[in-house]
Amino acid sequence: MDREFIAGKNPVIEALKSNRDINKIWISEGSNKGQMQQIIKLAKESKVLVQYVPKQKIDQMVKENHQGVVAQVAAYQYAEIDDLFKLAEKKQEDPFFIILDELEDPHNLGSILRTADAAGVHGIIIPKRRAVGLTAAVAKASTGAIEHVPVARVTNLSNTIKELKERGLWIFGTDAKGSQDYRTMDGKMPLAIVIGSEGKGISRLIKESCDFLVHLPMVGHVTSLNASVAASLLIYEVYRKRHPQGE
């Protein structure tokens, strides 16, 4: 069985009770009695997403007896927001975080982790719902960077952005319309950059929470860049501002 998954009622219950980081739980349609009620209750308390699917889908996910329930656990432990600030403080640098708004592709998250590690980002923040978590696929795509860049998973991105602002950070979002050129960013200030999802970009509510909106100039025929490519350009723009050549 893939190391990402825990199957069976008792193993899933124990994983929930131990506060292990769980990305998602799948329950066979119609299975909502006995211990399954306990799983549903614990998942709700822990704000873990539960999805009801046909039994055949769970059969395809795991080989052993799953009793109608399987949980996808995080390949790596999540950090807390305070951990990101502590890392910046330890390096004696102004905080520099990346916020991912409902990014779904594990390869994009893995690539962003690689760039974040290379350029000295102090941490990445992702939402619990409708977004890829720290799966084995992400770990593989990161080629080891997942070991060095803390990732915090939060219930509400809007509230988290508000908290970051209260703690002195400026929030930059990416938006193709009515925004300033990304090269005008003041990368030396304490900041976080928001990267939107592959299809929809940054959600309206998150966009309204940003202090600045920047865009990447486009002179070709395509209208947007891959999320991980856009993130890399923005991350290295901050690096360039913080580490001018010759200093």
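Reader: In which helix does Val 229 lie?

Author: Val 229 belongs to helix H9, which covers residues 227-242; helices (H or I, at least four residues) and strands (E, at least two) are DSSP runs, numbered from the N terminus. This is a predicted model, in which local features need pLDDT of at least 70, side-chain atom pairs count only at pLDDT 80 or more, and totals for chains, interfaces and linings use all residues. Residues are numbered from 1 along each chain as its sequence is written, and side-chain values use heavy atoms, with hydrogens and water left out.

Reader: Is Val 229 buried or exposed, or in between?

Author: Val 229 counts as partly exposed because its relative accessible area is 40%, the class between buried (under 20%) and exposed (over 50%), with a 1.4 Å probe and protein chains only. Glu 163, placed in helix H7 (residues 157-166), is also partly exposed, with a relative accessible area of 30%. The C-alpha atom of Glu 163 is separated by 9.7 Å from that of Ile 81, although the two residues are 82 apart along the chain.

Reader: What is the volume of the largest pocket, and which residues lie nearest its centre?

Author: Rolling a probe the size of a water molecule over the atoms shows where empty space is left. On a 1 Å grid over the protein atoms alone, a pocket is an open set of points with protein on both sides within 12 Å along at least five of seven lines, a cavity is a set where a 1.4 Å probe fits but cannot get out, and lining residues have an atom within 4 Å of a point. The largest pocket here has a volume of about 580 Å³, and of its 23 lining residues Thr 174, Ala 176, Gly 201, Ser 224 and Leu 225 lie nearest the centre. Strand E11 (212-215) and H9 are the elements that give two or more residues to this lining.

Reader: What is the volume of the second largest pocket, and which residues are closest to its centre?

Author: The second largest pocket has a volume of about 300 Å³, and of the 16 residues lining it, Asn 19, Asp 21, Glu 80, Lys 128 and Arg 153 are the closest to its centre. Strand E7 (residues 151-154) supplies the largest share of that lining, three residues.

Key: Points joined across faces, edges and corners; volume = space filled by probe spheres on them.
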